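Here are a few notes to read with the structure open beside you. Take them one at a time and look for each spot as you go.

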Amino acid sequence: MNKKLVVLVLAVLTVLMLAACGEKSKEDVTKDLKSKVEDLKGYKADAKMTLQVGEDPQTYEVEVWHNDPNYYRVSLKNEAKDQSQMILRNEEGVFVLTPALNKSFRFQSDWPSNSSQAYLYESLVKDVLEDKNATFKETKNHYVFNTKTRYQNNQMLPTQEITFNKKDLTPVSVNVMDSDKNSLVKVEFSKMDVKAAFDKKDFDMKKNMTGAQLEIPVSGNVEEKEFSVLYPTDGISGAELVDEEEVATKDGKRAVLTYDGEKSFTIIQEQTTSVPTMTVSTSLQGEVVDLGFTVGAMTDQSITWTHDGVDYMLASKSLSQDEMVTIARSVQGSMVK
């Protein structure tokens, strides 16, 4: 009887040990992710990014090319609004291209290493590695991490849930959340090729501008679009709209919104125009800032961006960079004062 009991206990222990061997700890998976990225020479990825901005969510198709160590090409397209933008990084610097306007801007920037990037694989892994307090869980097919973000405006988007495939450790989805755990940015990956090969010319600024314009022709009639003033829908305590001025320009209209109070700021909106022939990129001071729906340039006291045929500038001496980003993002919401 005792012998049968011993055999039964040993059998149960063996089953438990085998089951335990099939599970990986947070440290195991983190180590595997680190090795995966270090061995990666380049990749192509396709994803869908959904932003909760204003009343209606906006969806963008994202295409990422990365060639180790510092070559990047990120294409962002919103087909519903016929808009596209591209971020390039090569040996000459960081470029933001707006093909429909035949415009490009050049930054001397550390992008993308200076901030979280929800659509870049190596950035997601870096977020996992740098957050020692990240939580971890394992499901049937996935590894799921909850981490802090590294955004410049991480008070507005402090945390994220990152899901990786168990099979090959490629990203599945990313949910970037506000302080109330509401998802504001969601990225869903549909394809990833970790054996992609590239030529240096694949990251050339002029070649990519020309290729993008074949898909979305340069618009010579931007100034003919109806110009509507947009107002921030996410206000900052300590500021209210005290003045609004609209003036005619040679290319259309310009609107100046003045907000006064403890957190005073000014927003300038002006119809943009396409450039018939692009010869050189305009150099911009400041860092690349991802506003979700578009990419802008941020300094200590201003953010500039272009969206839907309008150039915007938000300037303030009393707002923090986090607060400026919060307001800039919300200008794309409903037209309410």
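1. Let's start with helix α5, which covers residues 321–330. In this predicted model, α5 lies across β14, β16, β17 (295–298), β18 (302–307) and β19 (310–315). Against β18, the helix runs at about 20°.

2. Now for the sheet itself. There are 7 strands in this open sheet, and the order to trace is β12-β13-β14-β19-β18-β17-β16, paired antiparallel. Which strands stand at the edges? They are β12 (240–249) and β16 (287–290); each has a single partner strand, so one side of each is left without a neighbour in the sheet. From one strand to the next, the twist averages 20°.

3. Strands β13 (residues 252–260) and β14 (residues 265–271) run antiparallel and are joined by 6 bridges. A handy place to look is Thr258, which stands opposite Thr266 in β14.

4. Next, have a look at Ser116, in the loop between β6 (103–107) and α3 (121–130). Is Ser116 buried or exposed? Its relative accessible area is 1%, and buried means under 20%, so Ser116 counts as buried.

5. What does the side chain of Ser116 touch? Setting aside neighbours within four places in sequence, the residues in contact with Ser116 are Ser123, Asp127, Thr149, Arg150, Tyr151 and Gln160.

How values were computed:
Residues numbered from 1 in each chain as written. Predicted model: local features only at pLDDT ≥ 70, side-chain atom pairs only at ≥ 80, totals over all residues. Heavy atoms only, no water. Helix = DSSP H or I, 4+ residues; strand = E, 2+ residues; numbered from the N terminus. Buried < 20%, exposed > 50% of the residue type's maximum accessible area, 1.4 Å probe, protein only. Contact = heavy atoms within 4.5 Å. Pairing = 2+ DSSP bridges. Axes fitted to C-alpha atoms, helices over the stretch in contact; angles between N-to-C directions.
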